[in-house]
Amino acid sequence: MHRIAVFPGDGIGPEVVREGLKVLRTVSEVAGFKYELEEFPHSSEHYLATDVLLPPDLLQRLRDFSAIYLGAIGDPRLPVGLVERGIILGMRFGLDLYINLRPVKLYSEKFCPLKNKKAEDVDMVIIRENTEGAYSQVGGILRKGTPEEVSVTNMINTRAGVERAIRYAFELCRKQKRGKVTLVDKANAIQAHDLWTRAFAEVGEEYPEIEKDHAYVDAACMWMIKSPEWFEVIVTPNLFGDIITDIGAMIQGGMGVAASANIHPGRVSMFEPIHGSAPKYKGKNVANPIAAIVAIQMMLDYLGEDEAAALIDAALNRLFQTDRIRSLSAGAHKTDEIGAMVVDEVRKSADSVA
Ligand code: IPM
Ligand code: MG
């Protein structure tokens, strides 16, 4: 029995989560596994009403779940980053979810903004280190509001933290039978990244069959646009991972399809679409729920429900191949219309097997 904590969150979060959960229910019936859901209200709205973000006792309770499913967090009425740091980063850091796994998969070349790229040209997995780097929150502000203000956040790189991210990337490359891992860093300007260079070379020796490659992050941004087919698995520090996965999302068709997993192998992990809360679309039934549905697929994959995960992937592939998804932009389809299409497609494939 999988116990899943659900945080619908803000803006379009609840709408896309609803579709993700419909798909979850369907594949659980078809593949025959059991799960139970517990919903949590924690979000900007909840913070405005209660002053509570993500209290320590809740974090503690989350450890007993199999997985966390999160919609979106963020609200323009609140100070920049307050709830994002409190809830999203609160989970990532508080539960030590040290891997942020972001597959970049182009379902149909018609959604790629790049010229002359086929679906197979855009197929990579980005492993973003998720608990260190510029997101460390180690720092502070001195003489705030004065002309002499000093504002510091330390970019933390620990040998253990860097190494576990790099090892995960090589293991994933092996498991997915891909051929190459590319380290993306900025070691030419940021001296601390020398640690990444060394750890990558040393850990890489344990994987002789895997090709090792390197790109500075500025060049990686360029190559992801020019020649995305060069990349198979990327491993990179937290901030660079944040930035290049938005490029990744665009070349796979946009924020409507990009999903991510925040993982601590063997422990409760968190699954979310990459997109934000998109307040202007809230409640309009226009947000694309595919990213949230792919987040469910990634969750099932993590939970060992391979058949169920494969059912979702196959359903999405068929919807794209048969051109039933006309556009990925908000409003092109109704949110619940896409959810229903995926549910239908999963059922159809189950009937054809039966
Ligand atoms: C992401 C988001 C978050 C991040 C924000 C909301 C804090 O952009 O998941 O990529 O920077 O990690
Ligand atoms: Mg981001």
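Biologist: Which helix gives the most to the lining of the largest pocket?

Modeller: In this predicted model, H9 gives the most to that lining, with five residues. The largest pocket holds about 760 Å³ of space. It is lined by 27 residues, and the closest to its centre are Leu101, Pro103, Gln176, Met298 and Asp301. Among the elements that give two or more residues to the lining are strand E4 (99-105), helix H5 (159-175) and helix H9 (290-302).

Biologist: How many cavities of 30 Å³ or more does a search of the whole structure find?

Modeller: The search finds one cavity of 30 Å³ or more. The largest cavity has a volume of about 30 Å³. Its lining consists of Gly133, Ala134, Met155, His193, Pro237, Asn238, Leu239 and Phe240.

Biologist: How do you know where empty space is left?

Modeller: A probe the size of a water molecule is rolled over the atoms, and this shows where space is left empty.

Biologist: Why is Asp185 called buried?

Modeller: The term buried requires under 20% relative accessible area. Asp185 has a relative accessible area of 0%, and therefore it is buried. Asp185 is found in strand E8 (residues 180-185).

Biologist: What makes a polar contact with the side chain of Asp185?

Modeller: The side chain of His214 does so, at 2.7 Å. Leaving aside residues up to four places away in sequence, Asp185 touches His193, Trp196, Thr197, His214, Ala215, Tyr216, Val217 and Phe240.

Biologist: Why is the pair Arg167 and Glu163 called a salt bridge?

Modeller: The cut-off is 4 Å between a side-chain nitrogen of Lys or Arg and a carboxyl oxygen of Asp or Glu. The closest N and O atoms of Arg167 and Glu163 are 3.1 Å apart, so the pair qualifies as a salt bridge. Because they are four residues apart in helix H5, Arg167 and Glu163 are separated by about one helical turn. Arg167 is partly exposed at 26% relative accessibility, and Glu163 is partly exposed at 21%.

Biologist: What makes the pair Arg174 and Glu209 tie together parts that are 35 residues apart in sequence?

Modeller: Arg174 forms a salt bridge with Glu209, with the closest N and O atoms 2.7 Å apart. Arg174 lies in helix H5, whereas Glu209 lies in the loop between helix H6 (194-204) and strand E9 (211-216), so the pair ties together parts 35 residues apart in sequence. Arg174 counts as partly exposed at 37% relative accessibility, and Glu209 is partly exposed with a relative accessible area of 49%.

Biologist: Which residues do salt bridges that share partners join into one network?

Modeller: Arg159, Glu163, Arg167, Glu202 and Glu206 are joined in this way. By the rule used here, the count comes to 26 salt bridges.

Biologist: Why is Arg143 called partly exposed?

Modeller: Partly exposed covers the range between buried, under 20%, and exposed, over 50%. Arg143 has a relative accessible area of 46%, and therefore Arg143 is partly exposed. Arg143 is found in the loop between strand E6 (139-142) and strand E7 (150-153). The phi of Arg143 is near 55°, a positive value in a residue other than glycine.

Biologist: Where is Asp323 placed?

Modeller: Asp323 lies in the loop between H10 and helix H11 (335-353). Asp323 has a positive phi of about 65°, although it is not a glycine. With a relative accessible area of 46%, Asp323 is partly exposed.

Notes. Residues numbered from 1 in each chain as written. Chains lettered and ligands numbered in written order. Predicted model: local features only at pLDDT ≥ 70, side-chain atom pairs only at ≥ 80, totals over all residues. Heavy atoms only, no water. Buried < 20%, exposed > 50% of the residue type's maximum accessible area, 1.4 Å probe, protein only. Contact = heavy atoms within 4.5 Å. Polar contact = N/O pair within 3.5 Å; in protein donor to acceptor, adjacent residues only side chain to side chain. 1 Å grid on protein atoms, 1.4 Å probe; cavity = no way out; pocket = protein on both sides within 12 Å on 5 of 7 lines; lining within 4 Å. Points joined across faces, edges and corners; volume = space filled by probe spheres on them.
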